[in-house]
Structure formats: C-alpha cells, structure tokens
Amino acid sequence: MLLDFDFGVIIRSLPYLGQGMMLSLSLTLLAAAGSIVLGTILALMRLSGIGPLMWIGATWVNFFRSLPLLLVIFWFYFLVPLVVQRQVDAFQSALIGFILFEAAYYCEIMRSGILSISRGQASAGYALGLRYSQCMRFIVLPQAFRNMMPVLLTQTIILFQDTSLVFVVGLADFMTSAVTVAQRDSRLVELYVFAAFVYFVICYSGSLYVKYLQKKIHR
Amino acid sequence: MFAAPAEQKEGRGVNGYAYDSQERNEMFKKLAILSAALAIVGTTEAGAQDFYGALQKIKESGQIVIGHRESSVPFAYIGPDQKPVGYTMDLCMKIVDEIEKEIGVDSLDIKLVPVTPQTRIPLIANGNIQLECGSTTNTMTRQKQVDYAYTTFITGTKLLVKNASGIQEVEDLAGKAIALAQGTTNERAIKAAIEKFNVQDVKILNVKDHAEGFLALETDRVDAYSTDDILLYGLISKSKSPDEYAVVGRFLSFDPYAIMLPRDDSAMRLIANRTLADLFRSGEIEQIYDKWFTSPIPGSEPLNVPLSDTLRTNFQVHAFPG
Amino acid sequence: MKYNWNWGILFEDPYFGWLISGIQWTLMVSAIAWIIAFSLGSIVGVARTVDSRWARGLGTAYVEGFRNVPLLVQMFLWFYVVPELVPEDLGRWMKRDMPFPEATSAILCLGTYTASRVAEQVRAGIESIPRGQKAAGYAMGLTTFQVYRHLLVPVGYRIIVPPLTSEFLTIFKNSSLALTIGVAEVLFQARQIENYTFQGFEAFTAATLIYLVVTMIVVLIMGYVEQRARIPGYGVQREP
C-alpha cells in the first residue's frame, strides 16, 4: 500500500494547504494573545482576596475546564449569532470561543506564576509606596511571565493543536484543507499522514524550544 | 400630500382632551384617514430606499454572504480552481445581480461560506448567511426555521452501490452496511424504509457529507451510500472508475430542491422568486440546465441527465408573469 | 430572529432516548479508553525511568509522537489510514466486521493518546520518590522487577491520584471528538436533535449540563479517593 504513496497530490495542493496553515497560525496567535490577557486578569481576580471576584474567576475556570472544546466551538458557531442578532464571521466566532475557553487554562498557569513570586517582593513594593497596579505591573507580573514562559508556550502548542477542531464547523484551517483535498482526490492515506507529519514537526520543534527555555531559566 | 392637514386637525383634537361621543366618532374617522395616509406615504418611502431584513443588512454592509455546499455535484461543488461552481451557484449569482439592481449598488462583495447538511439551516436561521446555494430539499419542518424560493430541481432518494455487490433495492441491504449523511432528508427516508420493509441487521455509518459517504463506499467500508439520485450520478461522474458504480432502486422519497432564504423576509424572497420566474419564463433556465446536466462540467464528464417532464412543468408553473 | 423555546422537547420521545444513548456511548468509550490509557501509560511511564537506554528511548519516542499530533488527526489516522496500511484482509475486517468500527477506532485512538499523558504522570510520580527508597529495595535483595512491583509503582500511583483524575476527565471530554468519525456520543446526539427539531439551544444546553454533572461527580468521588490515597509527607510537584 505504501508503494503507491502519491507525493504528487500533496505537491499539487501545497498552495491550498499553505493557505489553511496561515489560517491555523493566525487563529493560534490571536487566540493565544487574547487568552493570555484574559487569563492573567482571571488569575488576578482569583488572587485578589475579594469574594465576588474570586468567585467569578474560580467559576469561569471550573466551568470551561469541565467542557469539551468541541462543545464550546459549536455554541459559539451556531448560537452566538442568535443571541447578538447579527451575523458573526466564522473566524471571529471561533476566535472568541477559543479565547474564553483557553483563558481558563492560561489563568491557572498565570496564577501559579504569580504565586511563585515571593510575597516579600510585593510587600517591598508596597513599602516603597507603589500602588497595587504598579506593584503587579512592574514587579510581580514580569517575573511571573518569565518564570512561566515555558508552560505558557507549551499551552500555546496545545492551543495550536486544538485549532484543528474548527474542522467541525468547516472553517478552512490546515486540517480542513487537508480533508477537502483528501476527499476530492480520494487520497486519504497521503493527506492524513502528511497532515500528521506537518503538525508533528511544528509541535515537536516547539517543545524542543520549550526544553531549551526551561534549562535557561533554571540555570 | 394630504397627510399634513390631517395631522393638524388631529393635533387639535388631541389637545382638546374632552370629547362627546359624536366628536369621538369624528376623531376616529380622522384617525383612520390619517393612518391610511401615513401608510401610503410609508410604503412609497420604503419602496424607494428603506429596506429591512436581509436586504437592509446587505445594503448596509455592501456584502452578501452566500452559503454553498462543497460536494453537491453539479449543484454546488468545489471546482478544479478551488472555487464553488454549479447549477444552483449560477442561479444564486443571477439573484445577486437582481439584488444589486434592487438596492442600487454596482457590485456587492460576495462572501462564500462552505456549509454542510448540519450547518446550513442554523446558519440561515441565525442570519449568518443570506442565501444557501446547494441541493436543499424544501420541507415543511424546515420552513419553521427558514424560507425557500421556487423549486429549481426535483429528485428523490435512491441507492448508490458497487456493481459487484448485487444490491438492487433497499430490501437487499439486510446484513449490509450503508452510509448516510447526517441531517439529510435521505437519512430519514432510508431509516423509515428500513423500518417499513423490516430489513434486518442493517449497519449504518454516519458521515458528514457526500464526499465522506462516497469515500466510505469506495474504500469498502459500506456497501451502499444513499442520497438524491441526481447527486449520486454526480458522485459517480467525479469518481476514478465510474464503471464500477450504479444507482439502483425505486424512489424512496420526493425531494424538490430550492434555494434557502431567511424566514419572515418576503422582500428578499420576492427578489429571488422574481429572478427565477424571469429565467423560467424566458427559457434561459434550459440553457443553464443544459450547461450543468448534459454538457461536460468543470472537473468531470457530462452527467447526461436530460430535463425531465416533471421539472419542465415545474418551471412552467412558476413562470409567473412579471 | 424569533426563537421558539421548547425545553420539553428534551424529554420527548425519541429525543430523550437519544440523549441517554449518547451518555452511554460517551461513558463506555471513555471508560474503555481509560483502561487502555492507564495500563499502556503505566508501562511507557515505567519504561522512561528504567536504566536501559533502549527502553527509555522507546518510551520517549512514544510520548513525543503521540503528544505532538492533534487528537483529531490521530482519530482520522486510526479510522481512515490504519485499515489501508495493514494487510488487505485485516484492513477489510477492521472496516467491516470488527464490532463497532467507529467506536473501536475512537477507543484505540483516545486510549493510546491519553497513554502518552498518563506516562508522563507515572514518570513524574516515580521520579518524585526519594532515591533512597529504591536503594533500600535493592539492599534488601529485591530484583528490579520487584522494586517496581512492590515499591515504586504502588507509591507512585498514590502520589499521582490528583493528576490522574484530571487525565480521566480529559479523556471524557476528548471522547466528544469521536463524533467526527460517526460515533453517536452525547454531542453527536445533541446535534442530531438540533437537526431534527431545530431546538439547538435546548439540545446544546442539555449536552453542557451532562458534561458539567459528570465532571462534578467524578471530582467528588476522586476527592474522597485522593484523601484515602494520600501518603503523609509526600507531595508531587503538580504541573499546572
């Protein structure tokens, strides 16, 4: 079976598959940026010591971590337009869904990042007359980000893999393009093996970089 | 015109506060005239510039969003240059031209969104797409959520099998496997037939769309795939070895295809139906039909399905005067 | 657009039955996949801690391979590609005569994928046990197998109960991906109800509640197990 592996079909469709990859990558980057910001806010809420804020943060995290991403994608794709009463672009609705969902995971990473900074540092900041926002912005968060960089990157690699799920709503990411070509030319074996290979190369390179970062930080 | 004086009189009455019954009757008469007058003014104004629903959305955004199928040959499918083409796509483009004329725009930005049998209805219902161009059967249940233009094609459920399998009718499926696309009328028709004729031990594989269903048949995962017969011919014509396949059995359902539109939007539907009626009346529809059903089409051999008498009659029935 | 609410639809025949059957499939796929993930993951995890370089290399390759390819792609590989690569007769059997081809592929896929994650937890658990314990085991004359069998593995398991709980919940959530190859699990049924009735809000809300409730039950049960399994003085550095 492997003998009649047809590389031609992959080469012919490279431009189309490339377009899909661009969509996957831009979705990943935008979603990561958005959910790191939202996740950090949620983490600060969870650590704020203010009852209602802590409750909102914790509920958000527990709620989204209990649901499959696929379900969240369906919700946003079909039902949000009904609620907002206007049309929502498929890419936008997927992006919003990813940000809200992944923020729950980034929140927990940032929370342990913030907790990893000794309380003494914040106290020192307050003693110097810094306000809470200044203290967080200049002392705690930069260090938390630095310490958590490898874990944040790992989560972003997972996010990149998760973007393949937009296939279920037909958004033309790398996975959807691969499936479209596979079905059109009935070359399943070639296209799916190729897709797996491409994802593997990207994600594995990413994880090697994470290992390098970890070594650098722990040195 | 005469709305202004009516309004003035009305204003005095309202400011007077106290009425006897005669006065009240008088006032109601005036109110009736007033509202009639306002209604006339209102409609002429709306006819000139005010649009509502989908047309308003299209005019404001300068963009029309069209949902299309990706593997419904020859209605709407991805052609060799990766763009959707097909019979229904052509009809939709005619409707887009008419919409441009109606709202007075030179050219609309056309956004194409791929849809599947499961996504097409929610997407129309929630307003994400304004036209669905593919091969959608008009059903009463679906009309609770969406609206349809005039029927543009008529077909029904049959079975696609490999010649070698020997399957002739739905009864022969006993102990065999069949793929069905989720959310299609055919899925229900086949399941109903299996129950009605008490066919034992039929394995059903759920697939997402026609391409996946045909693939399941091609790779011997199932013995049959079922959808509307015309689509089955389309699948065969696009396959690598058309001689291996056959469309068999009697019609298990009646499926009139129509372009889907948003519900409660008669202005939008009017434009779609006017476009179709014009095509039906002028006979242009037959050229478009021949282009897709009897001539070679992008990416495959001709389907060789001549215009049926039923469909011709359907065109004549809906060729309403302009 | 006006939306006609009809929560009663969820309890009507046959839709209620569909949801119940969806729950059954979800739970069955998750449970069997978990058995595979747990046993295979334990083996791979142990392999990554032993002295043999060869075993460690294989274990690492397994983990990296499965972890760096999206689960959806793996689902398609199991369902569409594997039957084409094996000898033709076996391939035909996998496509046709194997019991529930879709569910079986999904179970194998989820099981082997989650095994790579379980392996990492098992390795972390074993590595968190102080070296002295292993040395003590050898000093008492135990063989390597006995050291693992009686010492490292049981202690390791007790340390990693919390992360294993979240791995089980992951498999439970990931089982929804089985719908892409046609397994009629909860989310599949929710979509099917939507297809038939167009009551999408109700159907998806039902699916959401089902996932939340099952997660809550698992968390409650495992909270109790966690308490019972805790070894005083031990804690594992949990990866967030």
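# Notebook: a look through chains A, B and C

**Where A meets C.** I started with the contact between chains A and C, which takes 33 residues from chain A and 29 residues from chain C. A note to myself before going on: this is a predicted model. Next I looked up which parts of chain A do the touching. Helix H4 (69-84), helix H5 (90-115), helix H7 (132-162) and helix H9 (188-218) of chain A each put at least two residues into the side that touches chain C. Which helix gives the most? H9(A) does, with 11 residues. I then sorted the side of chain A that touches chain C by class, and got 27 nonpolar, 5 polar and 1 charged residues.

**H8 and H9 of chain A.** The angle between H8(A) and H9(A) is about 165°, and their axes are 8 Å apart. Are the two parallel or antiparallel to each other? Angles over 145 degrees count as roughly antiparallel, so H8(A) and H9(A) get that label. H8(A) passes H9(A) in a right-handed crossing. From H8(A), I noted A:Phe174, A:Met175, A:Ala178, A:Val181 and A:Ala182 in the contact, and from H9(A), A:Leu188, A:Leu191, A:Tyr192 and A:Ala195. By class, that contact has 9 nonpolar residues, with no polar and no charged ones.

**H3 and H5 of chain A.** H5(A) was also on my list, this time with helix H3 (residues 51-65) of chain A. I found an angle of about 115° between H3(A) and H5(A), with their axes 9 Å apart. The crossing of H3(A) and H5(A) is left-handed. On the H3(A) side, A:Gly57, A:Trp60, A:Val61, A:Phe64 and A:Arg65 make the contact, and H5(A) brings A:Leu100, A:Phe101, A:Ala104, A:Cys107 and A:Glu108. The residues of the contact of H3(A) with H5(A) divide into 7 nonpolar, 1 polar and 2 charged. A reminder I jotted beside this one: an α-helix has 3.6 residues a turn, so residues three or four places apart point the same way.

**Chain C by itself.** I counted elements next: chain C has 10 helices and 0 strands. Reading from the N terminus, the elements run α-α-α-α-α-α-α-α-α-α. The C-alpha atoms of chain C fill a box of roughly 75 × 50 × 30 Å along the principal axes. How many of the 240 residues in chain C are buried? I have 44% down for that. I also looked at contacts in chain C with a separation of 6 or more, and 79% of these join residues 24 or more positions apart.

**Where B meets C.** Over to chain B, which puts 17 residues in contact with 11 residues of chain C. Helix H5 (120-125) and strand E10 (203-207) of chain B are the elements that give two or more residues to the side touching chain C. That side of chain B has 6 nonpolar, 8 polar and 3 charged residues.

**Domains of chain B.** I looked up how chain B is divided, and found domain 1 (3-48), domain 2 (53-154 + 256-317) and domain 3 (157-248). The centres of domain 2 and domain 3 of chain B, taken over C-alpha atoms, are 26 Å apart. Between these two, 15 residues of domain 2 are in contact with 17 residues of domain 3. On the domain 2 side of chain B, the residues touching domain 3 divide into 5 nonpolar, 9 polar and 1 charged.

**Helix H7 of chain B.** Why do I call helix H7 (residues 210-218) of chain B largely enclosed by the rest of the structure? Because 8 of its 9 residues are buried. I wrote these down as B:His210, B:Ala211, B:Glu212, B:Gly213, B:Phe214, B:Leu215, B:Ala216 and B:Leu217. After H7(B) comes B:Asp220, with a positive phi near 65°.

**One residue, B:Ala258.** My last stop was B:Ala258, which lies in strand E13 (residues 255-262) of chain B. Is B:Ala258 buried or exposed? It takes 20 or more other C-beta atoms within 10 Å to count as buried, and B:Ala258 has 21, so it is buried. Leaving aside neighbours within four places in sequence, I found B:Ala258 in contact with B:Thr136, B:Asn138, B:Tyr148, B:Ala149, B:Tyr150, B:Thr151 and B:Thr152. I also checked B:Val85, 173 residues from B:Ala258 along the chain, and their C-alpha atoms are separated by 16 Å.

Definitions and conventions:
Residues are numbered from 1 along each chain as its sequence is written. Chains are lettered from A and ligands numbered from 1 in the order in which they are written. This is a predicted model: local features need pLDDT of at least 70, side-chain atom pairs count only at pLDDT 80 or more; totals for chains, interfaces and linings use all residues. Two residues are in contact if their C-beta atoms, placed from the backbone, lie within 7 Å. Helices (H or I, at least four residues) and strands (E, at least two) are DSSP runs, numbered from the N terminus. Ala, Val, Leu, Ile, Met, Phe, Trp, Tyr, Cys and Pro count as nonpolar, Asp, Glu, Lys and Arg as charged, and the others, Gly among them, as polar. A residue is buried if 20 or more other C-beta atoms lie within 10 Å of its own, exposed if 12 or fewer, and partly exposed in between; C-beta atoms are placed from the backbone. Axes are lines fitted to C-alpha atoms, for helices over the stretch in contact, and angles run from 0 to 180 degrees between N-to-C directions. A crossing is left-handed if the near helix is turned anticlockwise from the far one by less than a right angle, and right-handed if clockwise. Domain bounds come from an automatic or database domain assignment. Angles under 35 degrees count as roughly parallel, over 145 as roughly antiparallel, 65 to 115 as roughly perpendicular and the rest as oblique.
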